[in-house]
Amino acid sequence: MLVAASVGEIIFDVVGLLIVFGWIGWRVYLVIKRRQVSTLLTQEEFQAGMRKAQIIDVREKKDFDSGHILGARSVPYSTFSQRYKEIRDDLPVYLYDEGKALSTRAALRLARNGYKQIFILTDGYGHWEGKTKASKY
């Protein structure tokens, strides 16, 4: 026999579903916007074009210091809104982080500020097989 749920349980379930659908909607929105403003690159494509581009690591400085793609410079996402102007808008911008989340947000900020040639490393630094460098200290 089914027991009637209380109004509180129903409200709790509805709020939970709204949160889940809201999160899914936000993720879909970010994917659509990322596709509009940037291009995803495989490791091979990233390596092929990195000599002509600015390679930007948007991870935090401590992560950058523990290891980064050779030739990259650190512009952590936590300071990106203040420091994005250090990035030239007349050259391609290659962004990466551990995955794609911070790079996507950085790409959206760059696009809002007029940058056109924005590229993101598909697999992020966690799967990078190219040359890397770590700080000595």
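Reader: In what order do the five strands of the open sheet lie?
Author: This is a predicted model, where local features need pLDDT of at least 70, side-chain atom pairs count only at pLDDT 80 or more, and totals for chains, interfaces and linings use all residues. Residues are numbered from 1 along each chain as its sequence is written, and side-chain values use heavy atoms, without hydrogens and water. Strands are DSSP runs of E with at least two residues, numbered from the N terminus, and two strands pair if DSSP finds at least two bridges between them. Pairing in this open sheet is parallel, and the order is S1-S6-S5-S2-S4.

Reader: Which strands are the edge strands?
Author: An edge strand pairs on one side only. That applies to strand S1 (39-41) and strand S4 (73-74).

Reader: What is the bridge partner of Ile55 in S5?
Author: Strand S2 (residues 54-57) and strand S5 (residues 93-96) pair in the parallel sense over four bridges. In S5, the partner of Ile55 is Tyr94.

Reader: Which residues form one aromatic cluster with Tyr94?
Author: Rings of Phe, Tyr and Trp (its six-membered ring) pair if their centres lie within 6.5 Å; planes under 30 degrees apart count as stacked, over 60 as edge-to-face and the rest as tilted. The cluster with Tyr94 is formed by Phe46, Tyr96, Phe119, Tyr125 and Trp128.

Reader: Are Tyr77 and Phe80 buried or exposed?
Author: Buried means under 20% relative accessible area, exposed over 50%, and partly exposed in between (1.4 Å probe, protein chains only). Tyr77 and Phe80 are both buried.
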